[in-house]
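This briefing covers chain contacts, salt bridges and metal sites. Please keep the sequence and the structure in view while reading.

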Amino acid sequence: MPEAATLHKTPTTTEMLALTDVHTYYGHIHALKGISMTVNEGEIVALIGGNGAGKTTTLRTVSGMMKPKHGTLTYQGQNAAGIPAHVIMGRGMSHVPEGRRIFPQLTVRENLEVGGYTVLDKALIEQRIQEGFGFFPRLKEREHQLGGTMSGGEQQMLAIARALMVNPKLLLLDEPSMGLSPLFVEAIFDIIVKLNRERGMTILLVEQNANMALEVAHRAYVMQTGEIKLSGKASDIAQDESVRKAYLGDE
Amino acid sequence: MTAINPAQPNRAKPAPDRTILLVLFFVVTSALLLASHNQNVLNGSLGGVLRNPILEAVVVSLFLANVLFAYLWKAAPWARALVGIGSLILVLPMAGREDTSLLDLSIQILIFSALALGLNIVVGLAGLLDLGYVAFFAVGAYTWGIFASPRLSSILKYYGENPGATNAATLAFGLFLVVVTAASMIYMRRMSNKTAPTRLSSWAFGLASFGLLAGLILTVRAIAVLGASQAAGLATGIDSNFFWLFLALSIMAAAIVGVLIGLPVLKLKGDYLAIITLGLGEVIRVLANNLDLYTAGSQGITPIKSAAVPWFNSLAGFLGFSEDQYYLLFLYVLVLVVVGVILLVNVRLDRSRIGRAWIAIRDDEVAAQAMGVPLVQTKLIAFATGASFAGVMGMIFAAKQTFISPESFNLFQSIGVLSMVILGGMGSFPGVILGATVVTLLNLRILPGLGEASANVAWIPQQVNPGQLQRLVFGVILVTIMLLRPEGLLPNKRRVLELHHDENQEDDSAEGNAGALGTGTGDVYSPGKAPIKENDRSGGAK
Amino acid sequence: MTAPVSRNGVSSSNILEVQNVTKIFGGLTAVNDVTMNIPDRSIISVIGPNGAGKTTFFNMITGIYTPTKGTIRLAGREMVGLRPDQVVEAGIARTFQNIRLFSTMSSEENIMVGRHARLKSGFIDAVLHTKKFHASEAEAREAARVMLDFVGLSKWRNELATNLPYGDQRKLEIARALATTPKLVLLDEPAAGMNPRETEDLKALIRRIRDDLGVTVCLIEHDMRLVMTLSEYITVLDYGSKISEGLPHQVRNDPRVMEAYLGRGAAAGEYGKEATPNA
Amino acid sequence: QTTIKIATLSPLSGGQSDLGTQIRNGATLAVNEYKAQFKKLGFDLSLTPYDDQADPATGTAAARKIAADRQILAVVGTLNSGVAIPSSAALVASHVAMVSPANTNNLVTDRGLSNMNRIVARDDAQGPAGANFIISTLKGKKVYILNDKTAYGEGLAAEVEKTLKSKGVAVAANEGTEEKSDFSSIIAKIKLQKPDVIYFGGIYNQVGVFVKQLRESGVATPIVGGDGLDSTQIATIAGKGATNIFYTTVSAPPESLPAAKTLAALYQKTFNAPVQGFGVFGYDAAKVVLQGVLAAARANGNKAPSRIQVESAIRKGSFTGLLSGNVSFNSVGDRKSATIYVMSIMDQQYKLSTTVAVKPVKQ
Amino acid sequence: MDLATLLPFLVNVIVGGLVLGFVYAIIALGYTMVYGVLQLINFAHSEVFVTGAVVGFEVFRVLAPNPMNGYLKLLIALLSAMLISGGLNVLIERLAYRPLRNAPKLVPLITAIGVSLILQDVLRVIEGFQGRFDLTYTLPDAFGVKFCAAESSCVGAGNFLRTIGVDLQVKDVILIVVALVSLTVLNYVVNRTRLGKAIRAVAQDRVTAGLMGIDSNLMISATFLIGGALGGISGVLYGMKVGTLNAYSGFEPGLVAFTAAVLGGIGSIPGAVLGGLLIGVIQKLVSVMSVLGDLVGSKNLATIDDSYSKMGAFVVLVLILIFKPTGLLGKSNTEKV
Ligand SMILES: Nc1ncnc2c1ncn2[C@@H]1O[C@H](COP(=O)(O)OP(=O)(O)OP(=O)(O)O)[C@@H](O)[C@H]1O
Ligand SMILES: Nc1ncnc2c1ncn2[C@@H]1O[C@H](COP(=O)(O)OP(=O)(O)OP(=O)(O)O)[C@@H](O)[C@H]1O
Ligand SMILES: CC(C)C[C@H](N)C(=O)O
Ligand SMILES: [Mg+2]
Ligand SMILES: [Mg+2]
């Protein structure tokens with residue numbers, strides 16, 4: 001996708017999100033061992049790394065699902081460490097969680113409505129639902145199917161559409177392409193780029209599909225066993241020998 | 001919380017050897033127990049203090065703690081064996097010689113331990129929430145109660161007077177029916193393992209089971225009618241030597257009832273199963289209350305015999321027990337042995353192919369089945385095994401009480417046993433035994449003791465007399481223990497691992513956000529990993 | 001491989017024959033009249049857009065759903081109507097799109113459960129600790145050891161399954177499935193959530209399943225690099241129907257498949273070799 | 001100083017604690033009264049109350065505790081026959097005598113235990129008494145019988161049914177019910193059958209609710225019951241519906257016993273509650289026990305008697321100065337001549353209607 | 001027996017079952033709501049319900065001498081019962097269940113039993129200090145509770161349907177109306193409002209609901225408040241219907257109501273109502289089985305008396321669940337594998 005890079009609006013240098021020396025634990029398991037990173041307004045930042053590196057944990061910490069034991073975390077200049085998820089989400093953040101986490105007993109439409117819980121304007125909710133249907137026509141076909149009976153990929157689409165219901169300032173995407181067909185993987189990346197370019201949405205993207213992630217991202221961080229090993233411009237990272245070997249499957 | 005270091009895993013320092021402490025504790029508590037139940041001491045100057053019901057309850061509890069410590073503490077094996085065996089086989093019966101209530105209490109504790117062990121298989125291992133467990137207890141109790149009491153002759157007399165069209169031919173026909181249907185059922189069962197069941201085959205199976213039931217009824221009825229002439233000779237029930245046979249029969253009867261109840265309902269999930277078992281438990285109680293001919297209905301059956309074991313009696317006599325205590329001592333020893341056997345069976349099953357299958361089902365039914373575990377059959381085994389433990393204990397209970405009536409088998413008993421299991425630590429054998437001990441001690445000793453001791457204290461208003469607030473006190477204890485130790489008093493190792501996260505997350509989840517990660521059981525999800533809770537939602541009692 | 005888990009497949013040409021299966025949920029036809037044969041000792045793939053009915057197809061083969069119509073034969077024996085556990089006994093094992101390990105069990109125990117259907121000891125054996133019991137426990141333990149070795153998870157033997165890293169959980173699921181000594185193993189998106197590097201390892205593992213264990217493999221995947229380089233044969237589903245099948249290069253170049261599934265990447269020849277990242 | 005104890009065994013917690021507490025309190029008063037007398041002989045007398053929660057298993061456990069305390073020479077109790085039967089069996093071996101102020105079920109003494117006695121009439125007297133009252137006073141021709149499915153209620157109802165049938169009165173039904181709250185279907189059946197008397201073998205808390213609903217739905221038919229109705233609560237529960245109710249009871253209403261006045265006052269003063277029939281009988285039963293102990297002690301040369309001595313002193317003795325008249329027991333422990341009191345409740349007012357003197361078949 | 005007597009009889013029996021069924025339905029909803037969010041059989045709900053009944057009793061007792069309109073009294077009783085029971089339920093959740101959010105789900109079940117035992121005695125002690133154990137409702141005259149010396153004198157005010165032979169009193173009608181109103185409101189709230197959707201989302205996945213900006217603790221509290229308020233309403237209605245209760249009276253109806261919730265399909269509001277009504281009617285029909293037995297001359301049927309009524313309900317439950325394992329209106333939770 002040679003055109004991808006040129007699509008980007010130039011991101012600002014205003015910090016949207018900043019982590020400094022963040023440590024997070026699962027019980028005794030020390031999952032994040034002092035991470036520092038920033039995401040500027042209007043940026044797409046990719047976070048890549050092997051299984052168990054701590055990418056998901058980073059997103060969980062940012063969105064308030066987990067509380068860092070140590071370190072500072074600011075979102076839009078305000079402290080966000082240890083603040084419960086529902087409060088942070090109210091401040092214009094959205095998170096597409098790992099494993100999709102669709103509400104199985106709600107219909108597709110209800111899932112979307114719940115996604116727009118913090119939006120009080122009914123007309124706006126409806127408008128955004130239609131927008132989601134626009135991105136993923138399959139969802140429209142299945143408007144009244146229970147979320148739990150959707151196929152894996154359909155659920156992934158729903159999860160993304162649901163997160164977009166609040167038109168977030170910062171969107172956290174945890175492996176959005178997982179389980180999607182190649183066609184849709186491309187569609188997803190197109191959407192990511194579009195959201196960023198047209199709406200100026202800031203995106204923190206975790207991907208196993210590092211090739212594509214690095215293509216669309218401005219900057220990238222590489223994680224390994226709870227630490228940030230490398231950071232820089234996405235294009236530089238994509239060229240890095242060790243990264244290519246470790247994560248991109250180059251021999 | 002500034003600790004950069006994570007809470008170090010509380011890596012247990014090698015526990016200090018407590019042999020001496022253990023033996024000391026044993027000696028002291030035994031002495032206390034023996035003293036506080038010895039008439040001479042009681043009549044002495046200390047008597048007034050030792051007689052205090054609260055103190056007495058404390059002494060008994062401390063003494064029983066011996067066994068617990070022998071299990072828990074690190075100590076020389078000989079000391080642990082000495083304390084364990086000494087407490088149960090030597091000191092307790094000795095104290096019981098002076099005070100049969102101790103024997104009664106111990107038997108009751110052991111009965112409940114066995115029930116809790118049985119329910120633990122069903123709930124703790126296989127994850128099937130059964131709220132009607134006491135039904136099997138009732139089945140065992142009535143199996144022996146009906147035959148070893150004057151009930152038997154009443155039944156025979158009735159059939160003697162109302163033979164209907166029953167005669168020897170009926171017996172033959174009944175037996176024939178039983179054999180044919182049973183054989184065809186076994187055959188069909190074999191077949192169904194090989195080929196897919198069709199509608200026809202399941203109907204045929206249903207028909208056959210119906211035939212089997214009819215055959216059994218006919219047979220039993222015919223036997224009753226033909227045996228009617230014996231009624232007079234059986235005025236006090238069958239010979240007590242049949243006790244041993246009935247020990248086996250009560251196990252079988254309860255297991256069969258377990259299978260009969262289980263077959264239709266085990267397809268249900270979680271709480272649907274809970275409520276339906278609760279209902280079936282009530283059905284059995286109501287039946288016992290209404291089938292006057294067999295169960296004497298609300299009047300209850302009495303007197304019920306115990307076993308006659310001449311050599312044991314002479315042994316007991318030799319040891320200085322009085323005649324009226326023989327049967328209690330005998331039942332105590334018996335129940336001790338039976339609980340030992342049950343425990344062994346439990347442990348062995350747990351560490352077997354079947355035990356693993358139970359836990360697999362509890363964890364994830366769909367995956368278990370997709371790994372080759374036949375659901376219904378495996379669940380039925382759990383149900384029937386649990387039931388059979390209850391059955392044998394029911395029989396011992398009947399022999400101990402010499403009187404049974406439907407009142408003893410109400411829903412509260414089922415709930416009580418469940419609370420023992422959870423309180424002790426679901427899935428943990430020593431845990432549920434401890435749970436049974438604690439709850440029974442509370443109900444039979446500590447709470448009544450509290451009431452007795454405070455009954456004559458003038459300044460306590462009647463309304464808030466602890467004796468009248470037993471439910472409240474019990475409730476408070478229940479809630480407190482569960483809040484402080486949600487994993488149970490002596491948790492299962494598996495459970496501890498599972499709850500590990502939460503325990504340690506507690507500190508950093510002050511706001512409850514991180515803790516919320518583990519929805520329900522404290523598992524945390526991984527990408528694409530089925531959120532285990534989802535199955536829990538529709539069932540999967542945990 | 002050592003005895004307990006290796007099995008030399010019968011060399012009939014097709015291990016599994018699926019004929020005209022259809023599955024309808026309410027009004028929705030999730031799988032529509034699909035016929036497919038899996039040759040013995042092959043590695044084949046089922047691909048298709050999201051919601052095409054692939055997982056449903058697996059669910060029917062493994063007895064979790066009963067087909068609305070159609071027959072499924074494993075080595076000539078009808079599978080339709082069997083319970084999932086009977087299907088396992090007959091020789092089909094699977095993994096799940098959403099990992100479903102037994103969360104309170106160690107890795108070893110997870111695999112021992114997989115061995116369940118092959119063990120012969122029963123209730124009485126367990127209670128009395130008969131010879132049969134000891135033999136079957138030993139067998140289960142050995143199977144677990146062998147399988148853990150096979151997928152390279154020996155170091156996790158006594159770890160709770162949930163504590164394993166995600167990629168390892170997927171491998172453990174595969175090991176558990178293999179412990180049932182299947183003739184055919186169905187893998188539902190085994191590479192999901194793995195990075196290209198890890199996917200390479202997985203590819204090798206799948207090859208060994210077939211080559212060393214002689215087990216036929218059928219997989220669902222969206223990772224075209226894996227599918228195209230691994231499969232000997234590919235079936236493509238779309239809206240429940242089979243729209244194409246054939247050798248990897250045939251399928252890759254089938255315009256219908258490109259349109260419905262692969263997208264422009266296929267044309268650019270991205271799959272099957274490395275992609276050039278845009279600098 | 002030797003300590004001598006007597007125990008009470010009755011429900012002190014749970015739904016029937018109202019009656020169970022009466023028994024304990026009555027016995028307490030008797031013990032207080034006798035303390036001085038015992039003191040003179042050199043005994044410390046005290047009372048230990050035990051709670052059976054109206055539950056057989058709890059009662060048995062308590063009984064065994066009683067058995068273990070050798071200072072306890074006899075027991076006043078129980079309230080419920082269902083508890084008495086297993087508890088007395090648990091006590092018989094250690095020869096702890098029981099004197100019940102309330103158990104009426106036949107089986108309580110029919111088993112012929114050496115330790116079990118009662119100072120009240122039996123159900124095979126109470127039942128016929130109720131039946132006779134129905135026939136002669138209420139002129140019932142068709143009776144609808146209900147019972148609560150407990151050992152007590154069903155047993156009593158069976159006796160009533162037997163007598164009624166033997167005297168040619170139609171019995172529309174003898175229906176068991178565990179219902180505690182909504183009797184609509186039973187009332188519908190009653191309306192269908194149109195009996196002229198309803199008999200309910202049950203306890204006041206259940207019967208009261210039934211009465212209330214029955215009256216609300218416009219059925220004025222007289223209701224007859226047994227000693228289970230012997231509580232002031234029935235008027236409270238049924239409210240204005242508490243009318244046209246009759247019950248036989250085995251414990252005398254305090255008002256009907258001239259001697260009970262002082263006790264009533266004392267009771268009120270000590271426990272801040274009015275005494276009821278079972279309080280009076282708890283008192284009487286305790287007196288029987290205490291006199292038995294005294295007699296045994298005297299026979300034992302003014303030394304503390306053994307349990308076995310007390311047991312036979314009670315069974316064989318005759319006791320006087322009781323509120324309900326003199327007591328002596330037959331060979332199985334039934335009071336040789338007991339009284340059944342027929343009470344009426346009209347417009348929430350309790351009144352003694354008649355008394356029937358009864359004797360057990362065995363003398 | 002002819003049809004002319006049998007028909008009104010059956011109508012009466014069924015009507016009696018329905019009225020009772022409405023009470024069961026509301027109690028059942030309290031269980032179902034809480035079960036929905038926490039998968040917890042809230043054993044303490046029966047005491048929350050009794051608390052409502054006790055509050056109702058107190059309101060009517062205190063207001064008895066007051067000449068105000070009877071319906072106003074009822075309103076006060078209902079509102080205070082809703083408030084107190086609802087508050088109590090929230091408190092219970094906060095203290096006894098919330099600390100156990102991450103524990104295995106049977107653990108809160110046991111604390112629920114514990115709380116239930118505690119509340120029973122607390123209620124008993126509170127009333128006991130005023131010398132009361134059995135609490136008898138003193139209903140306003142407007143509700144037409146009237147004790148009649150004879151059937152005929154009951155016709156007319158307060159028993160207006162009696163003229164046509166149906167035994168339905170004013171208080172029964174009040175009960176049905178209040179029940180229907182609460183059910184409708186609840187159904188609207190849960191299915192149509194933002195609050196309702198949020199509650200359902202929390203019920204299915206607390207963590208993810210948090211990601212949607214939903215405060216799950218707040219929603220759980222809201223659920224307990226609603227469930228408790230329903231318990232309060234049902235307590236007052238039950239008190240009115242039955243007339244007398246005590247601190248221990250909650251267990252039985254609570255159990256039956258939970259059964260009703262299961263029968264209807266747990267988690268489903270219309271299911272709870274259907275289940276409640278069905279169980280009410282079945283119990284009553286079983287109770288009069290003997291009449292039918294007499295009628296058709298079947299000796300076996302004739303021996304089935306009221307003591308079988310609860311068992312009858314359970315047998316029906318078993319049969320229904322065997323054929324419909326998720327209850328009558330429960331969504332079959334076919335889990336996608
Ligand atoms: N719920 C959990 N409980 C305990 N440990 C966990 C949990 N979730 C993750 N971990 C551990 O924390 C570390 C970081 O995991 P995380 O899920 O953040 O990695 P990831 O980079 O997202 O990996 P993946 O590519 O598999 O999604 C790993 O070592 C993992 O084993
Ligand atoms: N239980 C069910 N009830 C209703 N519809 C269902 C059910 N299960 C699956 N479906 C529908 O059937 C279709 C096929 O689903 P399936 O899971 O088989 O797709 P898939 O090919 O595995 O897709 P993916 O690649 O996204 O996992 C989907 O549209 C799905 O929504
Ligand atoms: C209080 C009474 C109902 C006791 C009854 N007379 C019985 O023997 O059980
Ligand atoms: Mg991750
Ligand atoms: Mg799929």
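E56(B) is buried, because its relative accessibility is 10% and the cut-off for buried is under 20%. The model is predicted. The side chain of E56(B) meets that of R445(B) in a salt bridge, 2.6 Å from N to O. Over all chains, the structure holds 58 salt bridges.

- E56(B) sits in helix α4 (residues 53–72) of chain B, and R445(B) sits in helix α20 (residues 429–455), so the pair ties together parts 389 residues apart in sequence.
- R445(B) is buried too, at 2% relative accessibility.

**Salt-bridge network around chains A and E**

- Salt bridges with shared partners join R109(A), E113(A), E126(A), E143(A) and K197(E) into one network.
- E126(A) pairs with R109(A), with the closest N and O atoms 3.1 Å apart.
- E126(A) is in helix α5 (residues 122–135) of chain A and R109(A) is in helix α4 of chain A, 17 residues apart.
- What is the burial state of each partner? E126(A) is partly exposed, with a relative accessible area of 30%. R109(A) is buried, with a relative accessible area of 17%.
- K197(E) forms a salt bridge with E113(A), and here the closest N and O atoms are 2.9 Å apart.
- This pair crosses between chains, from helix α7 of chain E to helix α4 of chain A.
- K197(E) counts as buried, at 15% relative accessibility.

**Interface of chains E and A**

- The contact takes 21 residues from chain E and 26 residues from chain A.
- The area buried between chain E and chain A is about 2200 Å². Carbon and sulfur atoms give 62% of that area.
- How many salt bridges cross the interface of chain E and chain A? The rule finds three.
- One salt bridge joins the side chains of E110(A) and R200(E), at 2.7 Å from N to O.
- Seven residue pairs are in polar contact between chain E and chain A, both residues at pLDDT 80 or more.
- On the side of chain E that touches chain A, α7 (194–204) and α8 (206–211) are the elements that give two or more residues.
- The largest share of that side, six residues, comes from α7(E).
- By class, the side of chain E that touches chain A has eight nonpolar, six polar and seven charged residues.

**Interface of chains B and E**

- Eight pairs of chains touch, and chains B and E have the most contacts among them.
- Here 64 residues of chain B are in contact with 58 residues of chain E.
- The area buried between chain B and chain E is about 5100 Å², with 72% from carbon and sulfur atoms.
- Across this interface the rule finds zero salt bridges.
- Six residue pairs are in polar contact between chain B and chain E, both residues at pLDDT 80 or more.
- The helices of chain B that each supply at least two residues to the side touching chain E include α11 (243–265), α12 (270–290) and α19 (411–424).
- α12(B) gives the most to that side, with 12 residues.
- The residues on the side of chain B that touches chain E divide into 37 nonpolar, 17 polar and 10 charged.

**Chain pairs without contact**

- Chain A and chain D are not joined by any contact, and their closest C-alpha atoms lie 38 Å apart.
- Chain C and chain D also lack a contact, with closest C-alpha atoms 33 Å apart.

**Magnesium sites**

- Which protein donors hold the magnesium ion (ligand 4)? They are T56(A), through OG1, and E98(A), through OE, at 1.8 to 1.9 Å from the ion.
- T56(A) is in helix α2 (residues 55–63) of chain A, while E98(A) is in the loop between β6 (93–96) and α4 (108–115), 42 residues apart.
- T56(A) counts as buried at 12% relative accessibility, and E98(A) counts as buried at 7%.
- T55(C) lies in helix α1 (residues 54–61) of chain C and Q97(C) in the loop between β6 (92–94) and α3 (107–114), so the pair ties together parts 42 residues apart in sequence.
- T55(C) and Q97(C) are both buried.

**Chain C overall**

- Chain C has 11 helices and 10 strands.
- Of the 279 residues in chain C, 62% are buried.

Note on methods: Residues numbered from 1 in each chain as written. Chains lettered and ligands numbered in written order. Predicted model: local features only at pLDDT ≥ 70, side-chain atom pairs only at ≥ 80, totals over all residues. Heavy atoms only, no water. Donors = N, O, S within 2.8 Å, 3.2 Å for Na, K, Ca; no water. Helix = DSSP H or I, 4+ residues; strand = E, 2+ residues; numbered from the N terminus. Buried < 20%, exposed > 50% of the residue type's maximum accessible area, 1.4 Å probe, protein only. Contact = heavy atoms within 4.5 Å. Buried area = accessible area lost by both parts, 1.4 Å probe. Salt bridge = Lys/Arg side-chain N within 4 Å of Asp/Glu carboxyl O. Polar contact = N/O pair within 3.5 Å; in protein donor to acceptor, adjacent residues only side chain to side chain. Nonpolar A, V, L, I, M, F, W, Y, C, P; charged D, E, K, R; others polar.
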